Amino acid sequence: MYPEDLTYTAEHEWVRSLAVEDGTVRIGITEFAQDSLGDIVFVTLPQVGAEVTGGEPCGELESTKSVSDVYAPVTGVVVAVNDALETSPELVNSDPYGDGWMFEVRPADPSAAGALWDAAAYVKSLDS
Amino acid sequence: MTSTASVERRTPLDAVHDALGATMTDFAGWRMPLRYGSETAEHRAVREAAGLFDLTHMGEITVTGPEAARALDHALVGYVSKIGVDRARYTMICDENGGILDDLIVYRTGETDFMVVANASNAAVVARELLARAAGFDTVVTDRSEEYALLAVQGPNAVKILAPLTDLDLDVVKYYAADRAVVAGVDVLLARTGYTGEDGFELFCAPGDAVRLWEALREAGDGHGLIPAGLSCRDTLRLEAGMPLYGHELTTALTPYEANLGRVVRLDKPEGFVGSEALAAREKEGPRATLVGLRSPGRRVPRAGYAVLDPETREPIGEITSGAPSPTLGAPIAMAYVPLDRAEPGTRLAVDVRGTAEPVDVVALPFYKRA
């Protein structure tokens, strides 16, 4: 449920290093988050080119029962967003680590993602 | 995202919900199923086929005896003594100021026997008020919430599912009627009531029979699209149907007139009732605000507590009481209290959605009416 090759945040987001020189990372929400939120009906994401600040909200997830902030796990520039979520927000529920990804950021500090939790630390945070 | 109640009451179906993998939630001190899988799928099942609900958290209070009807005429805003035997009626209990303490369904189960069904969050208050208000009448008020489990089968296939399980002719059980019946070998009070905007039944049974009844209903519903349905879809179903929820559309700060439910207040009763003077005055002067339906042309959802704004000046003029993405309409819908001069369907308003004024349009309630 929590892939080993990702890093994680306390806001229940995962971060995947795309293994490119500029350190660009892909961001989505975890299995725990999608299950807790219930059916996601609308996703608001930052624009490509927007500057986002690590730990700050930069979008919204609307589910049946609630609206939740999307956070930027790292500071940087948005280089891609998942346009498929515009018409198929349910991908976040059905495939949170794959087709349900949300956006990509080129971090100001290419090593920033490495400072996030590994899978074991994230799972531990869920238990506490 | 998970909540722990200080006092957690469990329904007799608690283990069944866990076995189904339900997401459980605390609701008024009860551990209740929020959803079993996708709440949108559960919502659609109720609209298109059928859903099975555990509603054991609802409160049941019986009022019996020679003056039971008179006592309820005094205690509630409705004309309870006019309810026919085996019929039910939607009504309210108000305080001396006309403020709503709860909305209720009263079932007349016999000439001198009534069952009052209250919301879980208000069951204790209603029981206490009924007891106090019945003083001086020849009647006995008993909180029987512990003695009943409540299951509901809601949706267009409800009759097809229930009919093979009972000898009772369901055609004679009209909307808002109720009758004693045996369903799958279980003694129930079978009522054609609900909170979804669909045809359906509510079945009150002994807690010890609840699992057996649930399993029988699931089996009977297998070929008819019946799936277990949780409180999450119940909320979007009732919202689409324009039905108020206590604590949202109904509070002690409001009278039935603001909620467009003045028809439940029977000022024509021969004797006064608790709140009648205040309610007569409010009826005469008119409500101060009114409940409307709102539909958003956008996709961000107006939620309970958000401010309704004048679309030009951005001044707050009201408040959202409930809001959700409507699975049936495919758009955000909400109910809100607004000034009377902003209540006409077609009026453009705005809602403060987390700091941004999003346009909404006043629309007629209900949002959804079954064919």
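Contacts and strands

A: The side chains of B:Arg303 and A:Glu62 meet in a salt bridge, at 2.5 Å from N to O, where a salt bridge is a side-chain nitrogen of Lys or Arg within 4 Å of a carboxyl oxygen of Asp or Glu. This is a predicted model, in which local features need pLDDT of at least 70 and side-chain atom pairs count only at pLDDT 80 or more, while totals for chains, interfaces and linings use all residues. Residues are numbered from 1 along each chain as its sequence is written, chains are lettered from A and ligands numbered from 1 in the order in which they are written, and side-chain values use heavy atoms, with hydrogens and water left out.

Q: How many salt bridges are there between chain B and chain A?
A: The count between chain B and chain A is six salt bridges, and there are also 16 residue pairs in polar contact, both residues at pLDDT 80 or more. A polar contact is a pair of N or O atoms within 3.5 Å; within protein, one must be able to donate a hydrogen and the other to accept it, and residues adjacent in sequence count only if both atoms are side-chain atoms.

Q: Which elements of chain B touch chain A?
A: Strand E3 (30–35), H2, H7 and strand E17 (316–326) of chain B each supply at least two residues of that side; helices (H or I, at least four residues) and strands (E, at least two) are DSSP runs, numbered from the N terminus. By class, the side of chain B that touches chain A has seven nonpolar, four polar and seven charged residues, with Ala, Val, Leu, Ile, Met, Phe, Trp, Tyr, Cys and Pro counted as nonpolar, Asp, Glu, Lys and Arg as charged, and the others, Gly among them, as polar.

Q: And what area do chain B and chain A bury between them?
A: They bury about 1600 Å², 44% of it on carbon and sulfur atoms, where buried area is the accessible area (1.4 Å probe) that two parts lose on being put together, summed over both. The contact (heavy atoms within 4.5 Å) takes 18 residues from chain B and 19 residues from chain A.

Q: Switching topic, how is chain B divided into domains?
A: Chain B has domain 1 (4–56 + 148–240), domain 2 (59–146) and domain 3 (289–363), with bounds that come from an automatic or database domain assignment.

Q: What do domain 1 and domain 3 of chain B bury between them?
A: Domain 1 and domain 3 of chain B bury about 680 Å², 66% of it on carbon and sulfur atoms. B:Arg238, B:Leu239 and B:Glu240 supply 66% of the area that domain 1 buries against domain 3, more than any other three residues. Across this interface the rule finds zero salt bridges, although five residue pairs are in polar contact, both at pLDDT 80 or more.

Q: Last one: in what order do the three strands of the open sheet in chain B run?
A: The order is E1-E3-E2 in chain B, with mixed pairing, where two strands pair if DSSP finds at least two bridges between them. Two bridges join E1(B) to E3(B), which run parallel, and B:Arg10 stands opposite B:Arg31 in E3(B).

Q: Which strands pair over two bridges in chain A?
A: Strand E1 (residues 7–8) and strand E2 (residues 13–17) of chain A do, in the antiparallel sense, and A:Thr7 has A:Val15 in E2(A) as its bridge partner.
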